[in-house]
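Here is a friendly tour of one model, pockets and helices included. Take a look at it first, and then we can walk through it together.

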Amino acid sequence: MSARTDAVRAGLGRGWIELRNSFTNVQDLWNYFFPTFVLLVAMFFMRGSTVPGTQFSLGARTLPSALAMGLAFGGLLGLAQQLIVDREDGTLLRAKATPNGMLGYLIGKIIMISAVTLIGVLIQLTPALFFLDGLRVADAGAWLVLVGVVLLGLLATLPLGAVIGSLIENPRNMGVVVLPVMGLVALSGIFYPINGYPGWLQAVAQVFPLYWLGLGMRSALLPDAMSAVELGGSWRHLETLAVLGVWAVLGMLLAPVVLRRMARRESGSRVALRREKALRRPV
């Protein structure tokens, strides 16, 4: 058995262990359930409102978009934060020091983040089905589309998360990423259709994967008639596949280069310097 195969197996085991441990950590459990609870409460009170020009529940329309937001946050911010923290405490340096250690480390993180993201989708989707009407829950094709969008969304966001985590050294600088992502959430039609936005804002929203993740999720869970309130009056499946595919390819081409560069720069002295800076931070 090759060293690379051993690293893959070690990564799979690492991912499972980290996932299991996260469900025994109070802070991790809070991060999983509290945002979901807030979104569910918001959708519960929105269920009586309707999408402009239709009789369809605004809460039901928001659900698939909120699922897309959670998927994007997990892929972009979850993996980035893990890389930043592990670089600061020396975990990445230890992984680098073992044969194919970085490969095993990244596989473990991807497994853990992907599983957490998928669990978050289930935690949010399951209770929402009991108080939101009009969703295509009895259509097997809808679930196939949903699975496809989720997998493509992970492919489009996880490599970008790895790039972001490789470029940022200080955990406190995550705000540099979080704020623009929150801005994209506001632009991407998560809580309200973007048809009323100026044309240039619509164009900006369509450049990034978050809008297309939301559109793909809506095409899976909402009735076909709801496509009329989308840009172009359709679900634009081919465009969704193309844009998310481009982001996935771009991320997979860029991530290995940036990760190798980051790993080469890691050293004991850099880890010690970051620890010293962390100790000097005000509590």
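## The largest pocket

The largest pocket has 39 lining residues, and Asn 31, Tyr 32, Gly 78, Gln 81 and Val 116 lie nearest its centre. Helices H1 (3–22), H2 (26–46), H3 (58–88), H5 (101–128) and H7 (175–187) each give two or more residues to this lining. H3 provides the largest share, with 13 residues. Here a pocket is an open set of points on a 1 Å grid over the protein atoms alone, where a 1.4 Å probe fits, with protein on both sides within 12 Å along at least five of seven lines; lining residues have an atom within 4 Å of a point. Helices are DSSP runs (H or I, at least four residues), numbered from the N terminus.

## How the model is read

This is a predicted model, where local features need pLDDT of at least 70, side-chain atom pairs count only at pLDDT 80 or more, and totals for chains, interfaces and linings use all residues. Residues are numbered from 1 along each chain as its sequence is written, and side-chain values use heavy atoms, leaving out hydrogens and water.

## Arg 218 and helix H9

Arg 218 sits in helix H9 (residues 209–221). Because its relative accessibility is 0%, Arg 218 counts as buried (under 20% relative accessible area, 1.4 Å probe, protein chains only). H9 as a whole is mostly covered, with 13 of its 13 residues buried.

The side chains of Arg 218 and Ser 65 are joined by a polar contact of 2.7 Å (a pair of N or O atoms within 3.5 Å, one able to donate a hydrogen and the other to accept it; residues adjacent in sequence count only if both atoms are side-chain atoms).

Methods:
Buried < 20%, exposed > 50% of the residue type's maximum accessible area, 1.4 Å probe, protein only.
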